[in-house]
Amino acid sequence: MELISERTGATVYNCAFGGTKWSGHPSAEYDAFSMYRLADAIASQDFSLQDTYASTFSTDHLNVLKSLDFNEIDIVIIDHGTNDMGKTIGEDSDGYLDFISVLEGDMPDISAIGATIKGSINYTIHRLMKSYPHLRILLVTPIWRARQS
């Protein structure tokens with residue numbers, strides 16, 4: 001992050017929560033910080049779910065996230081998903097990503113949200129772009145850290 005700030009002059013905020021995923025998590029503490037849940041909180045400005053489990057993570061990062069005015073943010077970089085590759089639930093466990101519904105502007109199938117990487121990514125992008133259409137969202141692809149036999 002410091003490198004991005006140094007090279008671009010941009011103000012960079014660290015809002016990372018280690019151990020979380022794009023998709024749902026069987027642990028309520030971690031699920032509250034899954035990316036699709038964070039997108040909901042950012043879009044609605046309602047962080048009550050995250051506040052409930054804040055002691056599990058860095059409250060500093062949560063406080064930074066809560067303090068941001070996303071109307072003033074230009075670029076969001078989402079570097080997420082390595083935990084999905086090793087522990088994914090649902091039919092997208094191979095990590096296949098399909099952005100068709102986002103590109104067409106349709107709301108992703110609500111039944112898939114949280115159950116798959118695809119549903120979670122589609123929902124996150126849709127939710128953030130609906131609330132903050134000026135945002136440029138950059139996705140950093142996850143490293144492949146675990147292979148399933």
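Q: Which residues form the nonpolar patch on the surface?
A: In this predicted model, the patch consists of Ile4, Ile75, Ile77, Leu138 and Val140, with about 390 Å² of accessible area together. Patch residues have over 30% relative accessible area and no salt bridge, and nonpolar side chains (Val, Leu, Ile, Met, Phe, Trp, Tyr) are joined within 5 Å. A salt bridge is a side-chain nitrogen of Lys or Arg within 4 Å of a carboxyl oxygen of Asp or Glu. Areas come from the Shrake-Rupley method with a 1.4 Å probe, and for residues only the protein chains shown count as cover.

Q: Which strands each supply at least two residues of it?
A: β1 (75-79) and β2 (136-140). Strands (E, at least two residues) and helices (H or I, at least four) are DSSP runs, numbered from the N terminus.

Q: And where is isoleucine 4?
A: In helix α1, residues 2-8. Isoleucine 4 counts as partly exposed because its relative accessibility is 38%. Buried means under 20%, exposed over 50%, and partly exposed in between.

Q: New topic. Why is α3 largely enclosed?
A: Helix α3 (residues 35-44) has 7 of its 10 residues buried, so the rest of the structure largely encloses it. Among the buried ones are Met35, Tyr36 and Ile42.

Q: What do they pack against?
A: α2 (28-31), α4 (48-52), α5 (59-67), β1 and α8 (117-131).

Q: What comes just after α3?
A: Glutamine 45, with a positive phi of about 60 degrees.

Q: How many residues are in the largest nonpolar core?
A: 25, and those with the most contacts inside it include Phe17, Phe33 and Ile42. α3 gives the most to this core, with 5 residues. A nonpolar core is a set of buried Ala, Val, Leu, Ile, Met, Phe, Trp, Tyr and Cys residues joined through side-chain atoms within 4.5 Å.

Q: Is threonine 20 buried or exposed?
A: Threonine 20 counts as buried, because its relative accessibility is 4%. It is found in the loop between α1 and α2.

Q: What lies 2.8 Å from a polar atom of its side chain?
A: The backbone oxygen of phenylalanine 17.

Key. Residues numbered from 1 in each chain as written. Predicted model: local features only at pLDDT ≥ 70, side-chain atom pairs only at ≥ 80, totals over all residues. Heavy atoms only, no water. Patch = residues over 30% accessible without salt bridge, like charges linked within 9 Å, V, L, I, M, F, W, Y side chains within 5 Å. Buried < 20%, exposed > 50% of the residue type's maximum accessible area, 1.4 Å probe, protein only. Contact = heavy atoms within 4.5 Å. Polar contact = N/O pair within 3.5 Å; in protein donor to acceptor, adjacent residues only side chain to side chain.
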